[in-house]
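Try each task before you read its solution.

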Amino acid sequence: MKEQVSYSAIGNELIHELRDRLNNAENISDIRNSFSYTVIGLLSQAFQEMDVDADDVSFHPDKEQHFQISDRVMKDKNFHEKWQHSDLPNVIQKFADSAYHKYIHTCKHPEKTNKKIRKP
């Protein structure tokens with residue numbers, strides 16, 4: 001039986017950063033970027049030898065999990081092994097759920113988002 005690896009400690013550090021970014025998000029694009037950059041930060045810490053960029057991680061509110069990891073990353077043997085035998089999917093799901101809640105709120109209340117936009 002494989003040893004279970006935990007990424008919760010890294011996730012707990014980054015969830016605060018994600019929530020701050022989401023609270024300051026002015027539109028849906030900001031929500032997508034906040035999610036992607038936070039997950040990239042997680043993966044960069046967890047897989048220091050792997051190069052992960054914004055095209056590899058994306059927020060998809062219309063999908064069941066609300067996120068997608070690129071095939072390039074998923075096919076990486078080391079990543080796939082840890083994906084199967086760790087809490088990494090749960091940590092990323094937690095990030096996606098936070099982003100999804102902000103997405104729903106932004107869609108329901110666009111007038112609040114418009115108030116955040118500073119006019120010169």
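**Exercise 1.** What does the accessible surface of the chain come to, and what percentage of it belongs to carbon and sulfur atoms?

*Solution.* Keep in mind that this model is predicted. The accessible surface comes to about 7,600 Å². Carbon and sulfur atoms hold 47% of that surface. Next, look inside: 38% of the 120 residues count as buried.

**Exercise 2.** How many helices and strands does the chain have, and which pattern do they follow along the sequence?

*Solution.* Count the elements: there are 6 helices and 2 strands. Then read along the sequence: the pattern is α-α-β-β-α-α-α-α. Now turn to contacts with a separation of 6 or more: 66% of them join residues 24 or more positions apart.

**Exercise 3.** Examine helix α1. Where is its kink centred, and which of its residues are buried?

*Solution.* Start with the span. Helix α1 covers residues 8-23 and reaches 22 Å from its first C-alpha to its last, close to the expected 22 Å. The kink is about 30° and is centred on L14. L14 is also one of the buried residues of α1, along with I10, G11, I15, L18 and L22. Residues three or four places apart in an α-helix point the same way, because a turn takes 3.6 residues. Last, find the partners: the buried residues of α1 pack against α2 (28-46) and α5 (88-108).

**Exercise 4.** Locate H66. Is H66 buried or exposed?

*Solution.* Go to the loop between β1 (57-59) and β2 (67-69), where H66 sits. Its phi is near 70°, a positive value in a residue other than glycine. The relative accessible area of H66 is 11%. The cut-off for buried is under 20%, so H66 is buried.

Conventions. Residues numbered from 1 in each chain as written. Predicted model: local features only at pLDDT ≥ 70, side-chain atom pairs only at ≥ 80, totals over all residues. Heavy atoms only, no water. Helix = DSSP H or I, 4+ residues; strand = E, 2+ residues; numbered from the N terminus. Expected span 1.5 Å × (residues − 1). Bend = angle between axes of the 7 residues up to and from the residue. Buried < 20%, exposed > 50% of the residue type's maximum accessible area, 1.4 Å probe, protein only. Contact = heavy atoms within 4.5 Å. Areas by Shrake-Rupley, 256 points an atom, 1.4 Å probe, with all protein chains shown as cover.
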